[in-house]
Amino acid sequence: MITLTINGIRRNIDLPPDTPLLWALRDGLGLTGTKFGCGMALCGACTVHVDGQVALACVMPISEVAGKSIQTIEAMAEDVTGQKVQETWLNLGVPQCGYCQPGQVMAATALLKNNPHPNDADIDKAMSRNICRCGTYPRIRAAIKQVAADMEASS
């Protein structure tokens with residue numbers, strides 16, 4: 001039995017320690033917002049936060065995240081920065097098919113929390129692990145800049 005703290009709630013899960021976090025979230029706990037993309041940490045669809053840092057859940061064994069704080073897309077509506085990212089994503093029409101968007105939102109939220117004033121290079125670097133097959137990269141960049149500007153204006 002492994003105890004995971006997910007979105008602020010401690011949860012016991014009875015899975016082998018080498019089970020990828022993605023499957024513990026989706027199949028073990030019913031948190032299906034985190035998506036399966038490639039299964040090899042190449043596309044970023046499975047992006048979550050572990051202790052505030054971006055992590056790829058498809059290759060992260062649950063034994064490595066026991067005792068750490070895990071946040072999924074389901075928690076972003078309660079997170080000030082995550083909520084602003086999601087609102088701006090919708091306002092600017094960022095999503096197309098939407099499949100990669102939970103991972104994109106998680107990566108953008110982590111970026112803005114660690115760097116509230118990212119430049120283009122910062123955005124490109126932070127988002128480079130998240131692939132969008134619809135090619136919404138210009139809108140993703142615009143949304144991140146808009147969130148940064150809105151957060152600066154409100155502070």
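**Reading the strands and helices**

Me: How many bridges join strand β3 to β4, and do they run parallel or antiparallel?

Reply: Four bridges join β3 (residues 47-50) to β4, and the two strands run antiparallel. Strands pair if DSSP finds at least two bridges between them; strands (E, at least two residues) and helices (H or I, at least four) are DSSP runs numbered from the N terminus. Val48 has Ala55 in β4 as its bridge partner. The model is predicted, with local features needing pLDDT of at least 70 and side-chain atom pairs pLDDT 80 or more, while totals for chains, interfaces and linings use all residues. Residues are numbered from 1 along each chain as its sequence is written, and side-chain values use heavy atoms, without hydrogens and water.

Me: In what order do the five strands form the sheet?

Reply: The order is β2-β1-β5-β3-β4, in an open sheet with mixed pairing. β2 (9-13) and β4 (53-56) each have a single partner strand, so one side of each lacks a neighbour in the sheet.

Me: Which strands does helix α1 touch?

Reply: Helix α1 (residues 21-29) packs on the sheet and touches β1 (2-6), β2, β3 and β5 (69-71); contact means heavy atoms within 4.5 Å. Helix α4 (residues 101-114) also packs on the sheet, touching β3, β4 and β5.

Me: What describes two packed helices?

Reply: The angle between their axes and the distance between the axes. Here α3 (residues 80-91) and α6 (residues 137-154) pack at about 130 degrees, axes 9 Å apart. Axes are lines fitted to C-alpha atoms, for helices over the stretch in contact, and angles run from 0 to 180 degrees between N-to-C directions.
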